[in-house]
Number of protein chains: 2
Amino acid sequence: MKTALLATAVFMAPFAVLADPLPSWTESDTKTRIIEFVNAVTDPDSPDYVTPADRISVFDNDGTLWAEQPVYFQLTFAMDRLAELANADPSILSNPTLEAAAEGDLQAIVDGGHDALIEVVNASHAGVSVEQFQDSVANWLDTARHPDTGLPYDQMTYQPMVELLRYLRDEGFRTYIVSGGGLHFMRVFAEEAYGIPPEQILGTYTDTIYETGDGAPAIIKAPGIAFIDDKEGKPINIERTIGRRPILAGGNSDGDFAMLEWTTAGSGPRLGILVHHTDAQREWAYDRESPIGKLVDGLDKGPELGWVIVDMAQDWDRIYTGGD
Amino acid sequence: MKTALLATAVFMAPFAVLADPLPSWTESDTKTRIIEFVNAVTDPDSPDYVTPADRISVFDNDGTLWAEQPVYFQLTFAMDRLAELANADPSILSNPTLEAAAEGDLQAIVDGGHDALIEVVNASHAGVSVEQFQDSVANWLDTARHPDTGLPYDQMTYQPMVELLRYLRDEGFRTYIVSGGGLHFMRVFAEEAYGIPPEQILGTYTDTIYETGDGAPAIIKAPGIAFIDDKEGKPINIERTIGRRPILAGGNSDGDFAMLEWTTAGSGPRLGILVHHTDAQREWAYDRESPIGKLVDGLDKGPELGWVIVDMAQDWDRIYTGGD
């Protein structure tokens, strides 16, 4: 019996060491660079060793951890929600922009620019408690399906990135989301989809109001955007909320440039990762000319800054967590 | 040898169980209620059991974790810092308020109200990188001494509260600071003084600017207060930053009322703790009439809301972590 146990132990130990932490990544230079970085900062004998408390990693969400085409999923939610609210009370569609949104006329919203977007977000996100808002998001995720893939939106997460997040946590990192997407929106699915708890999610947020009117106190979502977690807002929000400079940052668009720049400009070992959407067959191919996920500076300056550029078509064996 | 080891193990185990987690607290109803609450939420067989992820505790800082008399320590820092900056460049004292502050004329600042305070904070806190600002705080903590006790300010932490924080962490809680004090100021000493890391500190903050001018990118403190983490701002900031409602909240003034109210209004077991400054001999005695740490609503409504009111003179064997 003792011999059998010993034999099992001898067998298991090397097996655990050799198990591939990133099985959905092809055997490429990209994968090698990521694993070598993690090995360097976690090996106590390495000159690049980093204590667990400082192993902070930050990731954009839209286009980095899940898809963002043909339009940010949160905007689809906002339009669906508006249509649902208008069913109960048509008077909330108080102008042509909101009418167009409730009819699913995406082009009208795009043509209306920033003002139209804010109007749609205000009408669909504000005036309810955070809990009520998050219930509506959860219901939408349960029922809505992506027009092209037919998948629930929260199954259009990228399996290779889900593996990377898990691998980093297994190696003593903390994994944060730092996204231009809505803070309250992301918290609904990020724990189940990515293993990232609410306190490790940073995002764009509306003002909120503490109300004690009648009954129990509640926190109500107010109209208007209080903070936009994009571009320079990302390092600012990280410094404010986390208070440490990350050693690893992942993104996919120029909205992530400042976050990767600030992360990789720090002293000691650093890694910047840019997901480049190159796969028109399995996902979408877009970068310099795209209105969503526009990537110019990252492609022009990222390589000389030492950032890893992930070529989705080449580097990923699988795209979505859901589906076949 | 084996027998000796076994004897040690048998001796150590019950000793560990019986060790007093709060040795600086007197054997009082206050201490009993705190320990009974912790036991209830951590015992898997208890109907009040709470999973570790939801064991969130939040604490005010000034007057709750360290002293706040005769004036908030951060204001003393601001005035000292202003005097130091004026030594190098007298022109920064561009008006009578700043001149008075640099001379240590506290009364002039108090008389000048909110505007004077903002002016002093702007002139002493802004225009430098976060790192530079925090270096200046660290230098000040190394050299400045409290006028009454002669102690370094970061040794005027309350030993019973330091024990409570450690006890809660030992029992699987996370401990957060949620203070009207400055976020960047507190982060300098909170990890060493309380065992609370930067990402678990919420406070008032200035705007910051991401700068990439010449050299490495930096985050610069700008003038003006971007968020005041006091009163209703406390639950709002907790919801925004942590995303979970705490099950335990500690404070000492009406600036903490909303935080304790929101915490204890949640379903399931909850504990609110108010530190009542009753000890004129060893510390200070103040509440309803005090301009600093004013406590009226908490005394009037706290007991019926089930909050524990800590009587410093009665409940604490020791006050400061530093000193004799």
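Select strand β2 (residues 174-182) of chain B together with β3(B): three bridges join these two strands, which run parallel. Strands here are DSSP runs of E with at least two residues, numbered from the N terminus, and two of them pair if DSSP finds at least two bridges between them. To see where they line up, click B:V178, which stands opposite B:L202 in β3(B).

A quick note on what you are viewing: this is a predicted model, in which local features need pLDDT of at least 70 and side-chain atom pairs count only at pLDDT 80 or more, while totals for chains, interfaces and linings use all residues. Residues are numbered from 1 along each chain as its sequence is written, and chains are lettered from A in the order in which they are written.

Now colour strand β3 (residues 201-211) of chain B by burial. Eight of its 11 residues are buried, so β3(B) is largely enclosed by the rest of the structure. Buried means under 20% relative accessible area (1.4 Å probe, protein chains only).

Finally, show both chains. A rotation of 180° with 0.0 Å of shift along its axis superposes chain B on chain A, with an RMSD of 0.0 Å; that is the relation of a two-fold axis. Which residue of chain B comes closest to the rotation axis? Select B:T241, whose C-alpha lies at 3.6 Å.

Key. Side-chain values use heavy atoms; hydrogens and water are left out. Buried means under 20% relative accessible area, exposed over 50%, partly exposed in between (1.4 Å probe, protein chains only). Helices (H or I, at least four residues) and strands (E, at least two) are DSSP runs, numbered from the N terminus. Copies are superposed by least squares on the C-alpha atoms of residues with pLDDT of at least 70 in both.
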